[in-house]
Amino acid sequence: MRRALIGGVVVRAAAFALLWWMLLEGRNDGWGLGAIALAAALLLSLRLSPPGERSLSPTGLAGFVAFFLWHSLQGGVQVAALALRPRARPLPELLEVPLALPPGAPRVLMTTAIGLLPGTLGVCLEGDRLRLHVLDRRLPAVAEAEALQRRIACLFGAAR
Amino acid sequence: MTEYLSAALLLAGGFFFFAGTVGLLRFPDVYTRLHALAKADNLGLGCVALGLALQADSVAVALKLLLVWPLALAASACVGYAIARRADALGIRPWRGDGQ
């Protein structure tokens with residue numbers, strides 16, 4: 001437990017330091033203010049999300065990022081085509097999908113991330129049901145939502 | 001080589017921003033417009049950020065440019081949901097396209 005705590009603090013401090021280094025664009029003159037920002041960010045992150053409470057799986061993260069990039073590319077291309085084709089019209093509808101994800105961060109991630117995937121937009125998260133706005137009802141929106149849900153379950157290390 | 005790739009990405013980014021804006025103007029209701037903005041503009045921003053990162057002078061600058069994308073992505077995904085939820089709470093019914 002103690003080891004997990006120290007490990008978590010070290011990893012987060014390193015991540016925030018890397019972030020500050022990026023913001024400085026690699027210069028070396030802003031580390032005084034950086035130390036304050038780093039400490040504040042570290043305290044806030046430990047407060048908001050104590051280490052060891054929830055763990056992200058690294059393979060799940062890689063899978064999620066790859067899935068997300070590929071599908072948001074498709075989403076952008078699809079909506080651009082719909083916007084630019086003179087005769088194309090959206091065929092929207094509302095539908096509800098049940099969520100098997102645990103409450104909290106996994107459901108919130110699902111609700112927001114689905115707005116960037118092809119043809120779907122989260123409208124309302126109520127308990128374990130998510131209402132979606134679908135841009136084109138001929139497209140497989142439910143399958144898309146299912147796939148995203150599986151990725152998020154893997155990301156948060158849930159065995160499914 | 002990098003120059004050409006960067007130019008192609010910047011042009012693609014401009015194209016997706018254009019398409020997203022056309023969608024914003026053309027689509028019939030708030031929900032469909034959110035689709036256009038969230039998806040097309042984010043893809044456009046991703047292309048622009050990547051294209052600029054390829055021209056960056058140092059690794060730190062390139063990473064900083066690439067960091068813009070996930071941050072804007074997270075913001076626009078949350079804002080898109082917030083607007084859709086508010087529209088739904090106000091009772092705005094989605095346009096259905098088949099004369100109801």
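Predicted model: local features only at pLDDT ≥ 70, side-chain atom pairs only at ≥ 80, totals over all residues.
## Domains of chain A

Chain A splits into two parts. Domain 1 takes in 2–48, and domain 2 takes in 58–155. Their C-alpha centres are 33 Å apart.

Helix H1 of chain A spans residues 2–23. Helix H3 of chain B spans residues 59–89. The two axes come within 8 Å of each other and cross at roughly 105 degrees. Angles of 65 to 115 degrees count as roughly perpendicular, so H1(A) and H3(B) are roughly perpendicular to each other.

From H1(A), the residues in the contact are A:Leu19, A:Trp21, A:Met22 and A:Leu23. From H3(B), they are B:Ala60, B:Leu63, B:Lys64 and B:Leu67. By class, this contact has seven nonpolar residues, one charged residue and no polar ones.

## A:Ser72

A:Ser72 sits in helix H3 of chain A, which runs over residues 58–84. Its relative accessibility is 10%. The cut-off for buried is under 20%, so A:Ser72 counts as buried.

Residues up to four places away in sequence are set aside here. Beyond them, A:Ser72 touches A:Leu116 and A:Leu117 in chain A, and B:Leu43 in chain B.

## A:Ala141

A:Ala141 belongs to helix H5 of chain A, residues 141–155. This alanine is buried, because its relative accessible area is 7%.

Leaving aside neighbours within four places in sequence, A:Ala141 is in contact with A:Thr120 and A:Val134. A:Ala113 is 28 residues from A:Ala141 in sequence. In space, the C-alpha atoms of A:Ala141 and A:Ala113 are 14 Å apart.

## Cysteines

How many disulfides does the structure hold over all chains? The count is zero. B:Cys78 is in no disulfide. The nearest cysteine sulfur to B:Cys78 is that of A:Cys124, 15 Å away. A disulfide needs the two sulfur atoms within 2.5 Å.

Are A:Cys154 and B:Cys78 buried, partly exposed or exposed? A:Cys154 has 44% relative accessibility and counts as partly exposed. B:Cys78, at 42% relative accessibility, also counts as partly exposed. The reason lies in the cut-offs: buried means under 20% and exposed means over 50%, so values in between count as partly exposed.

Notes. Residues numbered from 1 in each chain as written. Chains lettered and ligands numbered in written order. Heavy atoms only, no water. Helix = DSSP H or I, 4+ residues; strand = E, 2+ residues; numbered from the N terminus. Buried < 20%, exposed > 50% of the residue type's maximum accessible area, 1.4 Å probe, protein only. Contact = heavy atoms within 4.5 Å. Axes fitted to C-alpha atoms, helices over the stretch in contact; angles between N-to-C directions. Parallel < 35°, antiparallel > 145°, perpendicular 65-115°, else oblique. Nonpolar A, V, L, I, M, F, W, Y, C, P; charged D, E, K, R; others polar. Domains from an automatic or database assignment.
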